[in-house]
Amino acid sequence: MRITVFGAAGNVGSRVVTEALSRGHDVTAVVRDSARFGELPAGATARTGDASDPADVARLGAGQDVVITATRPAPGSEHQLLAVTEGLLSGLAGTGVRLLLVGGAGSLTLPGTDGVTVVDGPGFPADWRPIALACNDQLAACRAAEPGLDWAYLSPAAILEPGERTGRYRLGKDELLVDAEGNSAISMEDLAVALVDEAEKPVHHRTRFTVGY
C-alpha cells in the first residue's frame with residue numbers, strides 16, 4: 001500500500017511509520033520542519049507539509065491509498081487540532097483517499113455509567129481536559145465531513161504509553177475498553193498495529209472505534 005503519515009516524527013506517528021514499513025508498505029512520512037527528517041524511521045520517504053493546509057494535504061495524499069494522521073498540538077495550542085482536522089478533511093475531499101485519525105479517549109463512555117464520558121468522569125486530570133475537548137471537536141468535525149470521504153477515527157485506551165509490540169488488542173466502538181482489573185491501556189506500538197491493520201483490511205467506515213487490552 002501507499003501510505004502517508006502526518007505527525008510522522010511523533011510518539012505515535014513514528015511507530016505507525018515503523019509498523020507500516022515492517023509490512024512492506026510504501027510510506028511517506030510528513031513533518032512540518034525538515035530539521036526533523038533525521039528523527040524519521042529509515043526507509044520512509046521524508047516530506048515536509050502542514051496538515052492544516054488543504055493544498056499540502058492534497059499534494060501529499062495524491063495517489064496514496066490512505067492518509068494517517070497522528071499529530072498532537074503542544075500544550076496551550078490545543079485549538080490547533082481542529083484546524084488540522086479540517087485541513088485534512090478538506091484536502092482529501094473528493095480524492096477517494098481514505099483517512100485514518102488517531103484521536104482521544106475523552107469522548108468514550110465509561111462502562112456501567114449510562115453514558116458518562118471519560119472526560120466528564122470522576123478523577124479525570126484537569127491538565128488533560130484541554131486536549132480531550134479538542135479531540136472531541138476533532139471527532140465532531142469528522143462526523144460532519146462531506147459524505148464521500150471515507151474516514152475512521154481511532155480512540156485509544158485511557159493510558160497510551162510507549163511499550164511492547166505484542167500484536168494483540170481488543171476492538172470496541174464507543175465504550176472505553178477495560179481489563180478484568182478495570183485498567184484501560186494500550187501501548188503505542190500496538191496502537192500502530194491496530195491502525196495499520198485497519199489500513200490493510202478496512203472494517204470501520206465513517207465511524208469511531210477504540211482499541212485496548
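**Aromatic pair and sheet**

Colleague: In this predicted model, Phe124 is partly exposed, with a relative accessible area of 21%. Is Trp128 buried, partly exposed or exposed?

Modeller: Trp128 has a relative accessible area of 42%. A residue is buried under 20% and exposed over 50%. The value of 42% lies between these limits, so Trp128 is classed as partly exposed.

Colleague: How many aromatic pairs does a search of the whole structure find, and what is the arrangement of Phe124 and Trp128?

Modeller: The search of the whole structure finds 1 aromatic pair. A pair of aromatic rings is described by the distance of the centres and the angle of the planes. For Phe124 and Trp128 the centres are 6.2 Å apart and the planes make 80°. Planes over 60 degrees apart count as edge-to-face, so this pair is edge-to-face.

Colleague: Which strands are the edge strands of the open sheet?

Modeller: The open sheet has 8 strands with mixed pairing, in the order S3-S2-S1-S4-S5-S6-S10-S8. An edge strand pairs on one side only, and this holds for strand S3 (45–48) and strand S8 (170–172).

Colleague: In S6, which residue is the bridge partner of Leu99?

Modeller: Strand S5 covers residues 98–102 and strand S6 residues 151–155; they pair in the parallel sense over 4 bridges. The bridge partner of Leu99 in S6 is Trp151.

Colleague: What angle does the direction of helix H4 make with that of S6?

Modeller: Helix H4 (residues 129–143) packs on the sheet, where it touches S5, S6 and strand S10 (207–212). The angle between the direction of H4 and that of S6 is about 160°.

Terms used. Residues are numbered from 1 along each chain as its sequence is written. This is a predicted model: local features need pLDDT of at least 70, side-chain atom pairs count only at pLDDT 80 or more; totals for chains, interfaces and linings use all residues. Side-chain values use heavy atoms; hydrogens and water are left out. Rings of Phe, Tyr and Trp (its six-membered ring) pair if their centres lie within 6.5 Å; planes under 30 degrees apart count as stacked, over 60 as edge-to-face and the rest as tilted. Buried means under 20% relative accessible area, exposed over 50%, partly exposed in between (1.4 Å probe, protein chains only). Two strands pair if DSSP finds at least two bridges between them. Helices (H or I, at least four residues) and strands (E, at least two) are DSSP runs, numbered from the N terminus. Contact means heavy atoms within 4.5 Å. Axes are lines fitted to C-alpha atoms, for helices over the stretch in contact, and angles run from 0 to 180 degrees between N-to-C directions.
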